[in-house]
Structures are given as C-alpha cells and as structure tokens.
Amino acid sequence: MKRRFQRLVQWLGRAGVAFVVTFVSWLLLTLTGTLDLLRAVFLLGMLVTGAWVSLRVFRWLGERAVWRLRHRLMITYLFIAVAPVVLLVVLGSIGVYSLMLQAAMNVVTTELEHREAELSSAAEAIGRLDAPVRSREMVRLLDPYFTRRYAGLAVVLHQSGVETRFPLTAVVPPPAAKTAGGVVQREGRLFLWAYRKTDDGDVTITAPLSRWLLDQLAPELGIVDAALDRSQLPASSAGAGSKLPPAAGGLDAAFVWVAFLRTAEWEKPAEQSREFVLGLETRISAVAATVFNRDSELSQGLLQGVLLGGLVIFILVEIVCWAIGVTMTRTITGAVHHLYEGTRNVMEGKFSHRMPVHGRDQLAEVGMSFNRMTVNLEQLVDVAKEKERLHSEIVIAQEVQNQLYPKLQTRSSHLRVAAAFRPARLVSGDYFDYESTPDGKVAICIGDVAGKGISAALLMASIQSSLRTQLGHGGQHSPAEIVARLNSHLCASTSTEKYATFCLGLYDESSGRLTYTNAGHIPPILIRAGKVHRLDVNGTVVGAFAFAKYDQSCIELESGDLLALPTDGLTEPENQFGEMFGEERFIDLVARNSQKTEQEIVDRVLDEIRQWTGSDELQDDITLLLVRRV
C-alpha cells in the first residue's frame, strides 16, 4: 500500500500534490463557510495546478493511445485520409459560399451601374432637346417615370445664362469640366450624379442613394446598404425597409458581403478621391435561387443524381481502402511485435533469441537481418567498448594538449597577440606559443608537425617542452641557436619520418626589433601601411636532418605593423573543384582587413575558409597567429 502511494505521488509530481492539497483545503473551507479570502486563494491555486495536472493527464492519455503501433497507424490513416477530405470539404464550402456571395454582389453593383447609366442617359436626352423648348420638355421627360423611380431627384439646367431647377429647391454639385457621372458624397450622404455639356450650357442630375432606392436594386437577394465607412453599415437587418429572404433550413444562415466602390466629393464631383462601402445581407438559398435557372428541373435533377452517385461511390471506395489498410496494418504490427519481443530479449542479454520469419517480403528480410544481427552483436559490443576506451583516451589527450597552449595574453606593453586554433581531429599537430623570457624579450613561435592524430600531438608536445625549457633557462640565446638545438633534440629522440616546420621570433621590447628563424615554415607576412612584406625562410624543417644549419633574420617593427603567422591548413584547403585556397588569396584577405582588430581578422579568415570549402569539416589543422605592434 505504501509503495502504491509513493508511485502515485511520484506520478502526480509537485503540481499534482499541490492540486490535491489546494482542492481539499478549498473543499473544507467551503463546507465550513468561513474565511472567504483564504478560500478564494485556494480556489485560484486549485485552478492553476488543476490546469497543469489536466495537461499532464491528456499527455499521458495521448502517449498511451499511440503506444501500440496499430493504434498509431490507425491515427495516421485518419490524418492521411480523413483530415484532407474534411479540409477539402471545408475549403470547397468556403469557396462556393464566397463565389455565390460575390456573384450576388456583382448583381447589386451591376444594377447600381445601370441606375448611374440611366441618369446619364436622361441627362443626354435633355441635352439633345431643342434649345427653345428644352427647359419645358425637360420636366415632361423626367416626370413621372424618373421622379417615381428616383426619390429626391434633382435637376439643374443652365442654358444661355438662364438656370432652371427641377424641383425649385433642387441642389446639385458645381459644374464639371467635362461630361461625367458616378457617385458623390455630401456630409456623409451618397448621391447618384450625372453631368452633360450642351451646346449652350449644361445639365446636372442627382438622386440620393436612399434606403428606398437601395431596396429596389436587388429585392429578391436581401438587404442592400451603402455608407462611407464599413463601421457605418448596420449590424443586422432589423428595421430595414426590405426583407431578408426566409431561411431554407437550419444551416442557411445570413451573411454580409461588401464591395468597395469609388466616390467623389460634392464640391469636386469629377475627382473620385475616396471609397464607399456597398453592403449586402443575404442568404445562400436566395443567391442560388437568383443565379441558377429554376425552370430547368430535368437538368437540376440529373445534376443532383450525379452528385449523390459520386458521394456513394466515394464512401464505398473509402470503406474498401479502410479494409485494405486494416489488413496490411495487422501484417505490419505483427512483424513489429516480434521485433519488439526480440529487442527485449537482446536487452536482457539473450543473444540466442531468433525472430520467426514468414514470407519473402521486406518484413521477412527485416526478421532475417535481426537474426543475423544477434549473431554478431556480442562481437560488436566488444568492439564498441574498445572504441569507447580509445575515444576516452583521445579526449584526455585533447585536454592535456589544450593545457599546452597559452591561455593568457602576453605581458608586453608593445604587442597585441591573437590566435585561432581549429584542429581537424580531437588532437592536433599544430603548435603556437608566445611568452615573455627572463631576459625581457617576447618569444613568438608557430609550428606544424607532419601528419595528424596522436603521433603528431605527441611530437608537438615534445617541441613545446624543449622550447619552454630553453627559453626558461635565461641567458642570451638567438633564435637560430634555439632552433638548431631543437632540431638536434628531435633528431635524437624521434624517427626520421617525424619532422615539423617551425618559426621562432624573439622581440626586443627596448629596441622594437624582431629576430626570427624560419625552419621550413610558410613565410610569415608583415603588413606595414597597407603593403605586404614576406619574411625570410632561414632553413629546412626540424627533426629531419641532424646536420641542418639555420640562419636568422631581423626586422624592426613599427607602430601599427601587423605580423601574420599561418599554418598550411589556411592555404591548402580545397573547394569542390579541387582548387586550393592558396597563399596569395590568404595574404590578400589579411591585407584587406589589416585595419580591423586582430580578433575581427581571425574571424574573417575563418569565415572565408568555411565559405571556400563549403563545409564546417576541416581538411587539416588550422592555426593563425596575429601580432600587432601598438
């Protein structure tokens, strides 16, 4: 009992325990009816922790539901087959609704354009009347047809300087520069407007877009309204003059669709400078009754029969596909179950377990592959253990090697040093160092051991140890003497195929002079005032020939000089066409960025190498040492 309770508490977690505590406390306070504030606090805590616990419970149920492969496949079929069909139905319904509503709106806007054209035709007809009888015949032309069709119709005729208004209180926009028509707005109200030039004047007609006129545009579709802004449209049809068509069913809801049309200001009727909103509240059944031909009963019945037959065929195909999917699922899940049992036996160390194999398909091949795997698994485990042991030793070697590189900046007040080191493997054969010597100089060196891996790292460590020993003894030692002794040491302690390129420089703080010996290494470059100078090579590699002799060179560093010491990992990387990066490209890159900080130069060089190779994987160890005289 105690163990079950502990398992329950562990499963609930802190949030579950907090939920139980807050729930019990809230229930007790509710039953006693005291401490309302404390009860509210417990209620809030119960809601928060309850939401968290509910989330965990739903997650646990979901994991349990898809733990078996059969259930997972069934759910997958639902997402693959059912979800797309549902989405297609939804998108199709939305598309049909949108098209039908757009068609209904096109009917309304077309009727509005007809009304505009009708007023323009009336203005044109007035303009064509004989001038002597134009003002008198204008009234006969407009009344009664236009006055009944357009409530609030206003006409102003200018003829030979004489103005005629119909009715006498008619107010129209000012004359335009040319014949035009459309919709104008004045103080938030919209008007149909038509203007025509005559041989001796002009004629202007306006009619307000009143509620009565809008109701006449498409009475069979629904309710039409117009406003300068969409927010001014009514939210529903309550109180409207026209009636919304009755619903054909429970799903035949009312929809509002809008169109944005151009309008002009009353004072500038010919300049359509803003938009107004034309809204339509209708039902899909009303749109369908208007758009489709209601007299073609035979074609409509045939269409419905085709749609119903297609739906039945679709359902039958879905059922057959579902049956086939279930059958294939059982075959797949059976093989997976045997594989699951086999893996459990292997986890327990029972390598003699074999899966039953039936048939000659891919699932049977999986079973045979599993059986072959168990035969060799024990050997593979031994190999993996040995590999892990070797890897751990290499990691230790990497940590030891990292301790050999300098961690702090030099204490020189004249030099700034920055370095970049990227090994191609866990351990590297590249070497760089800089430190102050007992005689007040700064030693700067870089080297590249032939080869990679553990053997190169060991030789690198030997070089570092020998160099540090010579620099630490004090006394006046030239770079040539130090390199010569280093060569003798390596020739005596390593095989002939083990060698390294090496460059050592000693910088004198007092004189600003750098004395260096380059033993077969890539020539360092000195960038002074934007110009590039290659330093000398004073001898062959160290560790290959005991009789080798080394010279030394001397340069005086000036303020702002930048000295770059690379290894061949920066010049020999190849792109996808087999072309090497090259020394010239490296020198040009450093020279172009020489005015930047040392770390910015280092980052730019590494980024350029990465772009050149097109990969983050290094082809060789990369080391770059930058020294700037301040």
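**Close-up views of a predicted model**

View 1. Nine of the nine residues of strand β11 (residues 441-449) are buried, so the strand is largely enclosed by the rest of the structure. Buried means under 20% relative accessible area, with exposed over 50% and partly exposed in between (1.4 Å probe, protein chains only). Strands (E, at least two residues) and helices (H or I, at least four) are DSSP runs numbered from the N terminus. This is a predicted model, in which local features need pLDDT of at least 70 and side-chain atom pairs count only at pLDDT 80 or more, while totals for chains, interfaces and linings use all residues. Residues are numbered from 1 along each chain as its sequence is written, and side-chain values use heavy atoms, with hydrogens and water left out.

**View 2. The two faces of β11.** In a regular strand the side chains alternate between the two faces of the sheet. From β11, K441, A443, C445, G447 and V449 point one way, and V442, I444, I446 and D448 point the other way; all are buried.

**View 3. Neighbours of β11 in the sheet.** Strand β10 (residues 430-436) pairs with β11 in the antiparallel sense over seven bridges; two strands pair if DSSP finds at least two bridges between them. A443 of β11 is the bridge partner of E435. Four residues lie between β10 and β11 in their hairpin, and G440 in the turn has a positive phi of about 85°. Strand β12 (residues 500-508) also pairs with β11 in the antiparallel sense, over nine bridges. Here the bridge partner of A443 is L506.

**View 4. The largest nonpolar core.** This core has 43 residues, and those with the most contacts inside it are I463, L467, F502, L504, V542 and L625. A nonpolar core is a set of buried Ala, Val, Leu, Ile, Met, Phe, Trp, Tyr and Cys residues joined through side-chain atoms within 4.5 Å. Leaving aside its neighbours within four places in sequence, I463 is in contact (heavy atoms within 4.5 Å) with Y431, V449, L486, L490, A500 and F502. Another core, of 40 residues, lies apart from it and includes A122, L213, L228 and F276.

**View 5. Packing of helices α12 and α13.** Helix α12 (residues 583-592) packs against helix α13 (residues 598-613) at an angle of about 140°, with their axes 10 Å apart. Axes are lines fitted to C-alpha atoms, for helices over the stretch in contact, and angles run from 0 to 180 degrees between N-to-C directions. R585, F586, L589 and V590 of α12 meet I601, R604, V605, E608 and W612 of α13 in this contact.
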